[in-house]
Amino acid sequence: MICSKQYGGGKKAKCWRLLKLLHRITKLEPQHGEGWYQLAWAHDSLGLEREAVPYYEKALQLELSAEDRAGAILGLGSTYRTLGQYEQARTWLLTGMSEFPEHREFEVFYAMVLYNLGEHAEAMRRLLVQLADTSGDQRITDYSRAIRYYADQLDRVWE
């Protein structure tokens, strides 16, 4: 993305200038979905999550490339989560998981929402499965079968 939350100092000032430019672009080309998506992301990157929401929503109403649509869905879902709007976050992240089942990042962000909703066991299960499936660490992969097995049985006590 054009702006990133890890930018600081002068780069953050550039993001503010970019934000103004993106506002002008979306006024000139209101049917251009990528402009709205970039505007949402720039707001998000500057810590303006609440202001980012309507721009994500507008972008998702318009045509986007598959990659931008996945990013906008994830961005909106994550932003709703940070704002404490967990049901909206759940809805959007489930949409992302449905539309982009190969994008594992949706599972991870969804696990965060489940945690926020008090569904700790399901959140942990999902994270453990992602860890077992994606880790490049040899010691984790050696135990991936066991991790996946125990992920569904976190509360079980063997006698």
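In this predicted model, R148 is partly exposed, its relative accessible area being 38%. The side chain of R148 meets that of D133 in a salt bridge, with 2.8 Å from N to O. Since D133 belongs to helix α7 and R148 to helix α9 (residues 144-151), this pair ties together parts that lie 15 residues apart in sequence. Elsewhere, salt bridges with shared partners link E107, E122, R125, R126 and D152 into one network.

D133 also has a salt bridge to R104, here with an N to O distance of 3.5 Å. R104 sits in the loop between α5 and α6, while D133 is in helix α7, so the contact ties together parts that are 29 residues apart in sequence. What is the relative accessible area of D133? The value is 35%, and D133 therefore counts as partly exposed. R104, at 36% relative accessibility, is partly exposed too.

Turning to E119, its salt bridge partner is R90, and the closest N and O atoms of the two are 2.9 Å apart. E119 is found in the loop between α6 and α7 (120-134) and R90 in helix α5, so this pair ties together parts separated by 29 residues in sequence. Is R90 buried or exposed? With a relative accessible area of 18%, R90 falls under the 20% cut-off and is therefore buried. E119, by contrast, reaches 31% relative accessibility and counts as partly exposed. In general, side chains of opposite charge can pair when their charged atoms come close. Across the whole structure, the search returns 9 salt bridges.

The largest nonpolar core comprises 35 residues, and Y56 and F106 are the members with the most contacts inside it. Which helices supply at least two residues each to this core? They are α1 (9-28), α2 (33-45), α3 (49-61), α4 (66-82), α5 (86-99) and α6 (105-116). Leaving aside residues up to four places away in sequence, Y56 touches Y37, A40, W41 and D44, and also A72, G75, L76 and T79.

Key:
Residues numbered from 1 in each chain as written. Predicted model: local features only at pLDDT ≥ 70, side-chain atom pairs only at ≥ 80, totals over all residues. Heavy atoms only, no water. Core = buried A, V, L, I, M, F, W, Y, C linked by side-chain atoms within 4.5 Å. Buried < 20%, exposed > 50% of the residue type's maximum accessible area, 1.4 Å probe, protein only. Helix = DSSP H or I, 4+ residues; strand = E, 2+ residues; numbered from the N terminus. Contact = heavy atoms within 4.5 Å. Salt bridge = Lys/Arg side-chain N within 4 Å of Asp/Glu carboxyl O.
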